[in-house]
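Please open the model in your viewer and keep the sequence panel beside it.

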Amino acid sequence: MPKRSDIQSVLIIGAGPIIIGQACEFDYSGAQACKALKAEGFRVILVNSNPATIMTDPLLADATYIEPIHWKSIEKIIDKERPDALLPTMGGQTGLNTALTLAKEGVLKKYNVELIGASREAIDKAEDRELFDKTMKGIGIETPRSGIAHSMEEALTVQEGFGFPCIIRPSFTLGGSGGGVAYNIQEFKEICEKGLDLSPTTELLIDESLLGWKEYELEVVRDKNDNCIIICSIENLDPMGVHTGDSITVAPAQTLTDKEYQILRDQSFKILREIGVETGGSNVQFGINPENGRVVVIEMNPRVSRSSALASKATGFPIAKVAALLSVGFTLDELQNDITNGLTPASFEPSIDYIVTKIPKFAFEKFPQADDRLTTQMKSVGEVMGIGRTFQESLQKALQSLEEDLHGFETILDNSSNQNETLRYQLTFPGSRRILYVAEAIRLGWDADQINQLTGMDFWFLHQIIDLIDEENILQDTKLQEIGFDKMLKLKQKGFADKRIAELTRSTSQDVRNLRKRLGVIPVFKRVDTCAAEFATETAYMYSAYEGECESRPTSNKKVIVLGSGPNRIGQGIEFDYCCVHASFALQEEGYESIMINCNPETVSTDFDTSNRLYFEPITEEKVLDIIDIEKPEGVIIQFGGQTPLKLSEALLSNNVTILGTDVDAIDRSEDRERFQSLAHQLNLKQPPNSTVKNLKEAIEVSEEIGFPIVVRPSYVLGGRAMELVHTQVELDKYLKEAVEVSDQKPILLDGYLTDAIEVDVDVISDGSDIEIGGILQHIEQAGIHSGDSACSLPPYSLSQKVIKEIENQSKKIAEELNVIGLMNIQFAVQDENVFIIEVNPRASRTVPFISKCLGESLVKFATKTMVGKTLKDIGFSNELPKNYFFVKEAVLPFDKFPAVDPILGPEMKSTGEVMGIGSSFGEAYAKAQRAANKIFPDSGLAFISVKESDKKYLPNLLPLLLEQGFSLIATKGTADSIKVLGYDAEIINKVTEGRPHIVDELLNDRVNLLINTTEGRQSIEDSASIRRTALQNKLFCVTTIFGAFALLEAMSTNSDNWMYNSLQEIN
Amino acid sequence: MSFPAILVLEDGTIIEGIGFGVKELSVGEIVFNTSMSGYQEIITDPSYAKQIIAFTHPHIGNTGINDEDNESDSIHASGIVIKDLPDHFSNWRATQSLNSFLESKKTIGISNIDTRALTTRLRDNGSLKACIAPGDKDSLSIAQDALKKFSGLEGLDLAKEVSTQNSFSWDEGTWPNYEEVKNEKLIVAIDFGVKKNILRLLRKHVGKVQVVNAEICFDELMQFKPDGVFLSNGPGDPEPCIYAIELIQRLLDINMPIFGICLGHQLLALSGGCKTYKMKFGHHGANHPVQDIASKVVYITSQNHGFAVDFSSLPKNIEPTHISLFDQSLQGIAFKDKPAFSFQGHPEASPGPHELEELFIKFNLMIDKNA
């Protein structure tokens, strides 16, 4: 009996915003689930608060709700839609936890909704540490020696049992959030305290330390007939102690014999059966003692996970799709393996004839105060995957994919005297660049034993890296011209990039490329086919290799290549993958063959059925040109992948590649300061006073002309990296001496800061003659807060019609001047009805998916079509927004993962993701956006007010609103005086620097419900950081901008019981 | 330790690579194996006699060779073809490298081969005769001569070549605890090229095991007073093994409980009147889905066979029990009127999935029922 006939409609819960531990892999899984279930005739109801996802495209589900993933909101949707079933396994930990809450709150019973894919009992057994442990013991499977604690006393008792180091993990938290390794009693107490607090069930699991053990993961799929299969085994290069999400991982497992591997396989099945995962995908993690092979199971996730996404991309087996279909009654043998064109069933285990290496990407440069050592708490923000015919090739490809200016094992150790000490530290306490330090240790002559002892990395991997470094050492003594065919082929087979060969032989990558081609050493393309070539495949999912046979078989169709956006990072995330996927769809609609190049395994763009052809490769000059050489496309699209493809524009042009859409020169005109200034001047547009300086002296001179405050930043950076707002000469001085390097080659930009200005984001679409506004977004936080971290509203909620008209006119002028074809993003600042232009980016921006969701159709689709010659009229573009709706985008920040970091917004972008709130008023939309961002605000109580001098003028408006809402006030002396002058009452409390009891004491005593804390200037920010940190740790709602406070008060005035819930299909 | 070598195929293909193991020319039928683990078990499996194994997984040799995982005491494959032989191995049980094991067992290997391209060729054209020869293209004529002299596997009775000469008793259970069943049952295992793990599983689930030569006669066999007879796996074509087929027919006549695996399965089928044929490129891997026809349960199985039983040749008294979901070929049979069944794949795994270990338990129950 295949498909269940007693279910007609299925509710799917998405994972919400991108956060550390939950990235776009759940867009991949959710999108697959929606497509698969809809294709089988189910009515699919989707809830996800993240507008930057493909899964929330209105065509993917029957009813798409971009609403908070909170049980109360979902109850309303269930009440309205009355689904028969809820599939909780596609939305990561968020989806699972929310489903569990719905069950516990009685909602599922009340509306008679069946949990499919994973039962409540199964979720509990897998997720509740104590229960899991007991369950494992019951079936004779070893777990690490461990204990459970619900209080500090219990924790201490457990710890006595097995000493230090030991590992602490709170139950039910994302990506192991709040866990850690304790080496002494003090650390132990600190971690436990935090963990008890973070765990929604106030529960900790304390484990014996398995530091240095080998770590493995198996991806398992099971159907209702108890057919079980392993999709992929994954081996961590980093041993236990580093979170899997932060580990470099390799598939398939490389250092296990079959006997040992089969133990893991048998145990995985046993575990799934015992936990009761009746259908779907799960992953099981194991630790193995490298001395004697003792196996312990670490944990299992009864849902699709980050590793399932990796396993899907690594093998070509679409786990999420299959898991969704199994949940509605199909069995594995009834489903086809898509990649072999249905030649074989889904009930088999993929065999792969290549090696896959995943390397995570970190963003520690954004959080200088954060602890940058890798531990059991996940800290990475994205990942890349390299596919190669050997481990060496896949590893080097992965390094090249990271976009960290690495072309292989570049040297990173400076020539200081304490190199050995640095290495000892870096290898013992791994950080994000540990693999490069391993290479450095090899260069310094350390042997495999030494490195293994410190890192716990298996000898097999170490010897592979040693071989690469040996090869590098030989190359260093070689002239490029001396390299013949055999040598070049060998180097390329080991994954050396042209650029790396050039570095080592002191030549250029173009020289290497020329020589390589002259020698006839060119790559072939192999297919990912799930079956190691046992069956023929038409599916064009490919990777490059240097070998005999090429399987690319390019067609003679008209075709276009879309360059993807590489790994997720802060400043460039899922929004750009959304854009690339839509570009690919639009090309197909226009009769083109679409070809995708990307290296991020979490994404929808790297699904083999998104584009006609997929090349899973680093987005580097070398690899992209190699693919262009064989495919010979009509053109390449670089507008949609963020900065990643833009960086290649010059190389593409100099190799006579046609770039579709806006001319590349337009990018330079908008990025080059001087050219941009003359553009603004020519069009008669106002810019804040600004200048570029190349040394300290110039800076001081210029700053006097511009006047403080001034925004300073290095040129050519993304996401506001190292950007700062300085208020005095002293601060500027300090910034230039301490924060950044300034030189002729590295000029610094100074911009006059427009105090109290409103920032506006505009996305423009043009076909070269018709220019239309895609949307105008008004930011809530004032100018000076990075646009990526600001909340914003569509339509604008307080701009005058005159200003809006002016913005439209200016936008069109710029688009016309730059001759934009496709998309362009402009940022304006509005001060006292004056419009200033801040920044122009002639490419898709991160607001494009948000606007597309508001419009009901993808801007990218229209933009792509203009790039292949269609006019906006031809394709019927309309920018009309649904009437009577407000859409608010809110940024989601990772501060809870970095406890030492000051959770304050500033000119440098720090958010990892975004959510959308939809309402009939601005207040309602903003309120829902807050809930969606998991920022639960109070509606009355005690409000702590501490505002900077320049914000005090807003107090007369703010205070009555607060009091009316039901708040009483508490403030430090200065602010309290200002409040009293206005005729209101406020309790006075010490600043932290003024002696105790002070404000932080009050926060810890749970007396304060709301904080409005705006501050400026380095010193004041540092002084007040402990307030914000304490607020964050105690989950108190803290507003750090004055406009944010006003928006919040509007939100508070709405009643959440009356919020509306309309699907996108109803709205548009 | 390494030397230039060439791989020559009967279709004229010549591929240069790096030789390892023993520097001696070798010929055989080349087949590809898609297992990602278990090369040690595979190369010591007697069923690979006169075959050259091309591994699709690129790194072979990572975990070296240990003292516990051999499936026989020597390497029966004629040679191995791989993409990459790592310079170093790593595993807590390893005692030597793959290279030194090959050297000690006088077997040649060749690496740096585009095994994916080779697999595609074998998939499209079927298994081919092949030769691995030390040396560069100058050695070509020697290799081609050797290739010409090799007649292929069809019609070749290899079972009696690899079978044990002396009968012996086996008393070791399975790794890692070497568990044994405690009872007085005796199984005679006819060795057509038996894998040790089969004997270990018989010992674990059924009883005492006596291993005998492939050409044992009926009377000699009955002197052991067996409670059941096991027909082992083995290399080559089943059809020429007339001696075995006749013996099995006599065992069937006396209702002796019989369990056959792989070649043993084919021989049981032939004894029951079925036909066998040579497959295009056979089944060699550890990921093959096989469905139990009655229960619809799908098992992932280990497979290693180049010949198969023809589905359409089954007489009325033999029922099909299992089919391959890769190509719908016959994977298991059971006699309706006799205590005899057999399986084409490898329930003993080693390497591969364990889920069909239950067939050994089934054999035990069958003996009990028959007693």
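This is a predicted model: local features need pLDDT of at least 70, side-chain atom pairs count only at pLDDT 80 or more; totals for chains, interfaces and linings use all residues.

Residues are numbered from 1 along each chain as its sequence is written, and chains are lettered from A and ligands numbered from 1 in the order in which they are written.

**Stop 1**

Leu942(A) has Ser968(A) of E35(A) as its bridge partner.

**Stop 2: an antiparallel sheet in chain A**

Next, select E23 to E26 of chain A: the 4 strands form an open sheet in the order E23-E26-E24-E25, and the pairing is antiparallel. E23 (690–693) and E25 (724–726) of chain A are the edge strands. From one strand to the next, the twist averages 25°. Within this sheet, E24 (residues 710–714) and E26 (residues 748–752) of chain A pair in the antiparallel sense over 5 bridges. Show Val711(A) and you will find it opposite Asp751(A) in E26(A).

**Stop 3: two helices in chain A**

Select residues 419–428 (H13) and 448–455 (H15) of chain A, whose axes come within 7 Å and cross at roughly 50°. Axes are lines fitted to C-alpha atoms, for helices over the stretch in contact, and angles run from 0 to 180 degrees between N-to-C directions. H13(A) and H15(A) are therefore oblique to each other (angles under 35 degrees count as roughly parallel, over 145 as roughly antiparallel, 65 to 115 as roughly perpendicular and the rest as oblique). Arg424(A), Leu427(A) and Thr428(A) of H13(A) make the contact with Ile451(A), Leu454(A) and Thr455(A) of H15(A); residues are in contact if their C-beta atoms, placed from the backbone, lie within 7 Å.

**Stop 4: where chain B touches chain A**

Display both chains: 45 residues of chain B are in contact with 45 residues of chain A. On the chain B side, the elements giving two or more residues are H1 (39–43), H3 (115–125), E15 (276–292) and E16 (298–309).

**Stop 5: the domains of chain B**

Colour chain B as domain 1 (3–149) and domain 2 (159–370); these bounds come from an automatic or database domain assignment. The C-alpha centres of the two domains of chain B lie 27 Å apart. Which element gives the most to the side of domain 1 of chain B that touches domain 2 of chain B? It is E3(B), with 3 residues.

**Stop 6: strands around E12 of chain B**

Finally, select E12 (residues 208–213) of chain B, which pairs with E10 (residues 168–170) of chain B in the antiparallel sense over 3 bridges. Phe168(B) stands opposite Val211(B) in E12(B). E11 (residues 186–191) of chain B runs parallel to E12(B), joined to it by 6 bridges. Here Ile187(B) is opposite Val209(B).

How values were computed:
Two strands pair if DSSP finds at least two bridges between them. Two residues are in contact if their C-beta atoms, placed from the backbone, lie within 7 Å.
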